[in-house]
Amino acid sequence: MADSPVTQMKIVKGDYGYVLEDVPHLFDYIPDLRTYPNPLRSNPAYSVVKQYFVHVDDTVPQKIVVHKDSPRGTHFRRAGPRQKVYFESDEVHACIVTCGGLCPGLNTVIREIVCGLYHMYGVTRILGIDGGYRGFYSRNTVSLTPKVVNDIHKRGGTILGTSRGGHDTSKIVDSIQDRGINQVYIIGGDGTQRGASVIFEEIRRRGLKVAVAGIPKTIDNDIPVIDRSFGFDTAVEEAQRAINAAHVEAESIENGIGVVKLMGRYSGFIAMYATLASRDVDCCLIPESPFYLEGNGGLFEFIEKRLKENGHMVIVIAEGAGQELLTESLQSMNQQDASGNKLLQDVGLWISQRIKDHFAKQNKLPINLKYIDPTYMIRAIPGNASDNVYCTLLAQSAVHGAMAGYTGFVSGLVNGRQTYIPFNRITERQNKVVITDRMWARLLSSTNQPSFSNPKAVPEAKKEEESPNQLLDRENSMKEPSVTKDIPSLT
């Protein structure tokens with residue numbers, strides 16, 4: 001996949017340091033587009049809603065913790081239906097594609113996009129792209145109707161199939177153009193959304209009336225800006241089963257140790273929140289917090305101390321933790337999967353063996369260790385109630401945005417409000433646990449584990465923590481070139 005060209009950001013500035021990082025609109029490059037009254041005006045389901053249409057000036061602040069003299073800071077356009085739309089219902093030919101790994105809630109998002117288009121806007125032509133990005137040019141499509149997707153939210157996985165890689169921009173946009181598709185809904189993580197950004201750029205270059213909307217998906221919760229990603233709540237909830245099983249096993253035998261490996265390639269949010277929710281965990285290890293095994297203050301010393309105190313112990317480790325400790329011969333340093341993610345060794349198996357070897361060598365404290373890896377069991381389940389509601393909001397917001405002519409955006413929750421966020425803000429970095437933050441301190445106080453931090457590691461970690469000025473508006477000094485202008489009314 002080619003790198004996305006640097007897009008000039010759409011910036012609107014107002015009084016008192018107000019900054020709107022706006023999303024692209026079809027009107028930006030097709031100025032003579034017709035508008036139509038929103039079909040929701042005559043939809044009986046919404047006739048009781050007093051103020052259903054979102055005002056053109058409604059925006060949502062990125063930061064809500066401010067000082068009395070703070071500038072108003074960065075805002076994003078509020079999601080929701082507009083009074084006017086840029087597509088007639090009969091004109092719309094939409095498609096949906098899912099890419100990357102599985103995640104609870106995928107089928108719910110598919111269902112709600114289909115039902116939202118059909119029931120709210122009267123759209124009847126909706127295609128499902130089979131097998132990820134490569135499905136645009138090498139697979140058959142699936143016709144999607146409310147009847148087809150009626151109960152898919154009760155199943156895990158994705159009815160459309162998925163894959164990693166396969167992104168060929170020219171072939172994908174050729175397929176979109178040849179099929180007469182004019183709304184593209186792309187569900188996937190940061191790599192998928194980078195691909196969606198490139199697709200949007202090519203569509204814009206060709207001057208096509210095609211809206212491209214993304215729904216960010218990552219079970220690890222490592223996408224920035226948004227409050228959380230769908231599937232995360234379900235993953236944390238399901239992880240409790242594995243932790244509970246490890247606790248039962250460890251507690252039922254002398255010097256029992258339960259080791260649970262959870263998802264978290266670069267970010268340890270699932271491990272951290274599952275640990276806080278469980279209260280049965282004695283030690284949580286995540287990629288953001290380096291640890292060491294031997295010597296004073298090391299993991300082995302802590303395990304021995306905890307076994308002497310309690311007679312058992314539960315360790316939760318994220319899959320990306322401790323990769324630097326694996327010996328050079330075991331590491332796949334330069335190998336990547338089709339999505340560009342670094343291939344990781346099984347740190348759970350490795351650390352379990354290291355613990356066994358250490359105590360066998362000591363020959364003074366016999367241990368019984370059980371290792372549990374629930375990764376694929378968690379990925380494959382359907383979303384829970386909380387995630388299903390969230391998926392509905394994300395999907396319907398994306399539909400409203402595309403019908404209103406917005407494009408090149410993702411639908412996401414910011415400070416509890418649905419918003420439209422430019423692609424580049426989602427893909428510019430990864431969301432990570434800040435180990436100098438209060439949430440990590442809460443975890444340490446819950447488990448009573450040492451921080452395992454070397455003195456040199458703490459200053460590095462503090463760089464991740466946002467200063468008060470950054471809290472107000474870190475993004476005011478964006479590296480990308482920007483365009484400051486008044487945006488025409490799109491209501």
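Reader: Which residue stands opposite isoleucine 315 in E14?

Author: In this predicted model, valine 259 is the residue opposite isoleucine 315 of E14. The chain crosses from E13 through H7 to E14, and this β-α-β crossover is right-handed.

Reader: What makes E13 and E14 a pair?

Author: The same cut-off of at least two bridges applies. Three bridges, in the parallel sense, link E13 with strand E14 (residues 312–318), and therefore these strands count as paired. Leucine 285 has isoleucine 317 in E14 as its bridge partner.

Reader: Why are E13 and E15 called edge strands?

Author: The open sheet has four strands in the order E13-E14-E12-E15, with parallel pairing. Strand E13 (283–285) and strand E15 (368–372) each pair on one side only, and they are the edge strands. On average, neighbouring strands of this sheet are turned by 15° against each other, direction ignored.

Reader: What lies across the strands of this sheet?

Author: Helix H8 (residues 347–362) lies across strand E12 (256–262), E13, E14 and E15. The angle between H8 and E15 is about 180°.

Reader: What makes E14 a mostly covered strand?

Author: Seven of the seven residues of E14 are buried. His312, Val314, Val316 and Ala318 point one way from the strand, while Met313, Ile315 and Ile317 point the other way. Residues on both sides of E14 are buried.

Reader: Why is arginine 306 called buried?

Author: Arginine 306 has a relative accessible area of 6%. Buried means under 20%, so arginine 306 qualifies as buried. This residue is found in helix H7 (residues 299–310). Leaving aside residues up to four places away in sequence, arginine 306 touches Asp282, Gly311, His312, Met313, Thr447 and Asn448.

Reader: How do you know that arginine 306 has a polar contact with threonine 447?

Author: A polar atom of the arginine 306 side chain lies 3.3 Å from the backbone oxygen of threonine 447. The limit for a polar contact is within 3.5 Å, and therefore this pair counts as one.

Conventions: Residues are numbered from 1 along each chain as its sequence is written. This is a predicted model: local features need pLDDT of at least 70, side-chain atom pairs count only at pLDDT 80 or more; totals for chains, interfaces and linings use all residues. Side-chain values use heavy atoms; hydrogens and water are left out. Helices (H or I, at least four residues) and strands (E, at least two) are DSSP runs, numbered from the N terminus. Buried means under 20% relative accessible area, exposed over 50%, partly exposed in between (1.4 Å probe, protein chains only). A polar contact is a pair of N or O atoms within 3.5 Å; within protein, one must be able to donate a hydrogen and the other to accept it, and residues adjacent in sequence count only if both atoms are side-chain atoms. Contact means heavy atoms within 4.5 Å. Axes are lines fitted to C-alpha atoms, for helices over the stretch in contact, and angles run from 0 to 180 degrees between N-to-C directions. A crossover is right-handed if, with the strands pointing away from the viewer, the path from the first strand over the helix to the second runs clockwise.
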